[in-house]
Amino acid sequence: WTAGLLCFAAGLYLLSSFVWVMRIEGNERLSKEELLSACREMGLYPGVRKRSVDTQAVTNGLLEDFADISWVSVGIHGTDATIRLAETIEGVEIIDKETPCDIVASTDGVILQITAERGTPLVAAGDVVKKGDVLISSALTIGLEGEEQHTAYTAAEGTVTARIWRRLTEELPLQYEEAVYSGEERKNHSLLFSGRELDILHPDSDVQWERELLSEKTFGLGDRKLPLTWRRERWRAYETVQKTRTAAEAKTLLEEKLRKNAENLLSPYGTIEDIRIRYEVYANSVRADAEITMAERIEEKKQNTETENQNEEKEQENANEL
């Protein structure tokens, strides 16, 4: 009984010299997983000895790695490590309505629709434009017709939708490998300690296995979680075999892939109008060249060169006066 009591006390003392629980407080935009990963790289994680942790170094490291953190405090109390932080105020998008700028084309296309909120539209539906062409000018003519008029400049604003074209290319081999399952299954049990895996029953390593997680249990003391996880997995045996697909099958797969790639190119405002695909069949593969027709917004802002030159001249005059 005395020996057991001494071992129990020694065990408690030993366990209390480690960090077992990580707490993050004050994070809203920053994810807990990202912060914990950064702390691990700096030497603070569940299962580490408390004496080996430099809390000041972790504090400085978090401030350097995360621009969104304005204040942070790292403290260890008992077996808990607590990270309290304050995030910076989220930036607000500022729309400049005073600095003169034009709306120009971000790519070549044919204008479908133009809406000018501020500025002078220079193109209309059906016009062909090149990348960099001015679509909505910042220049405004002020004054009644027949009277003296003058030019003023504003920050042009508006939306421009155009028909544009994109080219995509994909190639698919006719010979490929595929996993064929033999039907053999095994159950595997493993213990994870601080991210390190210890297999208890490991299936034959000479066979290829596909792993499927069945259950995972993390141990704890009361409401405190320990860095010990018991994992159960199902392993399915398979072998890799060589297969051959026909040119027609390859074309079908290529079409699906090209359509998916074309959808990934779209912005939230874009739509696909047409996809034309040309195939080339070789001895061992099929190549597909696609021309994608889509409707997209192409407006982007660019500072007016005239006002920019005027500003440079004024700065030069001020410098000469000084």
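Colleague: How many salt bridges does the count come to?

Modeller: A salt bridge is a side-chain nitrogen of Lys or Arg within 4 Å of a carboxyl oxygen of Asp or Glu. By this rule the count comes to 21 salt bridges. Please note that this is a predicted model, in which local features need pLDDT of at least 70, side-chain atom pairs count only at pLDDT 80 or more, and totals for chains, interfaces and linings use all residues. Residues are numbered from 1 along each chain as its sequence is written, and side-chain values use heavy atoms, with hydrogens and water left out.

Colleague: Which residue meets R186 in a salt bridge?

Modeller: The partner is E184, with an N to O distance of 2.8 Å between the two side chains. For accessibility, buried means under 20% relative accessible area, exposed over 50%, and partly exposed in between (1.4 Å probe, protein chains only). R186 has a relative accessible area of 37% and is therefore partly exposed; E184, at 34%, is partly exposed.

Colleague: Which residue forms a salt bridge with E210?

Modeller: That residue is R236, and the closest N and O atoms of the pair are 3.4 Å apart. The pair links distant parts of the chain, 26 residues apart: E210 is in strand β14 (residues 208–221) and R236 in strand β15 (residues 224–244). Helices (H or I, at least four residues) and strands (E, at least two) are DSSP runs, numbered from the N terminus. E210 counts as partly exposed at 31% relative accessibility, and R236 is partly exposed at 27%.

Colleague: Is D289 buried or exposed?

Modeller: D289 is buried, because its relative accessible area is 16%. D289 also forms a salt bridge with R278, where the closest N and O atoms are 3.4 Å apart. D289 lies in strand β17 (residues 285–297) and R278 in strand β16 (residues 271–281), so this pair ties together parts that are 11 residues apart in sequence. R278, by its 47% relative accessibility, counts as partly exposed.

Colleague: Which residues are linked with D289 in a network of salt bridges?

Modeller: The network links R278, E280, R287 and D289. A polar contact is a pair of N or O atoms within 3.5 Å; within protein, one must be able to donate a hydrogen and the other to accept it, and residues adjacent in sequence count only if both atoms are side-chain atoms. The side chain of D289 makes such a contact with the side chain of T169, at 2.9 Å. Contact in general means heavy atoms within 4.5 Å. Leaving aside neighbours within four places in sequence, D289 is in contact with residues including L168, I277 and R276.

Colleague: In what order do the strands of the open sheet run?

Modeller: Strands of a sheet pair through backbone hydrogen bonds, either parallel or antiparallel. Two strands pair if DSSP finds at least two bridges between them. Here 3 strands form an open sheet in the order β1-β3-β2, with mixed pairing. The edge strands, each pairing on one side only, are β1 (21–25) and β2 (69–77).

Colleague: How many bridges join β2 to strand β3?

Modeller: There are 8 bridges between β2 and strand β3 (residues 80–87), and the two run antiparallel. As one case, W71 has A86 in β3 as its bridge partner.
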